[in-house]
Amino acid sequence: MTLPITFDEKVIDPSGKRATDPNVLIKANYPKLAENALVAKLGIDPANKPMMLKLKGFLSEGARVQLRDIVSADPSVIGTTRDVNISAAANLDSAFKGQIDLSVDEARRKVSNQQIDWMNKLKADGAMAEHFNTAFHPRRLQ
């Protein structure tokens, strides 16, 4: 998924301590940045708790490392918004690639109807497409 990630200082370094404690950038709540971008892209009200719960399992756990690496490599991104390709969670990725039969009853598959609707919306908006996952590239695994 391509999402406009806002590298929000209030999420990354709410106490303003990164200049004296570099661990702040390592421990930041990076999944929150990805979730905020997804919520905004889908037009979800963050106060709608049932809808927010349905977002669980939508983004890859790797988003944390990916966003952390971006900030660690260039802390000047803090306070900016940049389009970032974020991997979908495995089940959503499989559904997107047609590896999950979406005609099966919702109770018997690993993605919900709501997640499918969101997936289709992101695809229609051009925000979701198949990409080679460079995290699994043999050179990165060495």
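Predicted model: local features only at pLDDT ≥ 70, side-chain atom pairs only at ≥ 80, totals over all residues.
Let me start with the core. The largest nonpolar core has 39 residues, and those with the most contacts inside it are Met1, Ile5, Phe7, Ile12, Leu38, Leu55 and Leu67. Several elements supply at least two residues each, among them strand 1 (2–6), helix 5 (63–73) and helix 7 (113–124), while the largest share, seven residues, comes from helix 3. If you look at Ile5 and set aside residues up to four places away in sequence, you will find that Ile5 touches Leu33, Ala34, Ala37, Leu67, Thr80, Thr81, Arg82, Val84 and Ile86.

Staying with helix 3, we also find Glu35 there. Is Glu35 buried or exposed? Its relative accessible area is 17%, and because buried means under 20%, Glu35 counts as buried. Beyond its neighbours within four places in sequence, Glu35 is in contact with Met52, Lys56 and Leu59.

Now to the salt bridges, of which the count comes to seven. In one of them Arg68 pairs with Asp69, with the closest N and O atoms 3.1 Å apart; Arg68 is partly exposed at 25% relative accessible area, and Asp69 is partly exposed at 33%. Another joins Lys97 to Asp93, where the closest N and O atoms are 2.9 Å apart, and here Lys97 is partly exposed at 38%, as is Asp93 at 27%. Asp125 and Lys121 also meet through their side chains, at 3.2 Å from N to O, and, finally, salt bridges with shared partners link Glu9, Asp13 and Arg18 into one network.

Technical notes
Residues numbered from 1 in each chain as written. Heavy atoms only, no water. Core = buried A, V, L, I, M, F, W, Y, C linked by side-chain atoms within 4.5 Å. Buried < 20%, exposed > 50% of the residue type's maximum accessible area, 1.4 Å probe, protein only. Helix = DSSP H or I, 4+ residues; strand = E, 2+ residues; numbered from the N terminus. Contact = heavy atoms within 4.5 Å. Salt bridge = Lys/Arg side-chain N within 4 Å of Asp/Glu carboxyl O.
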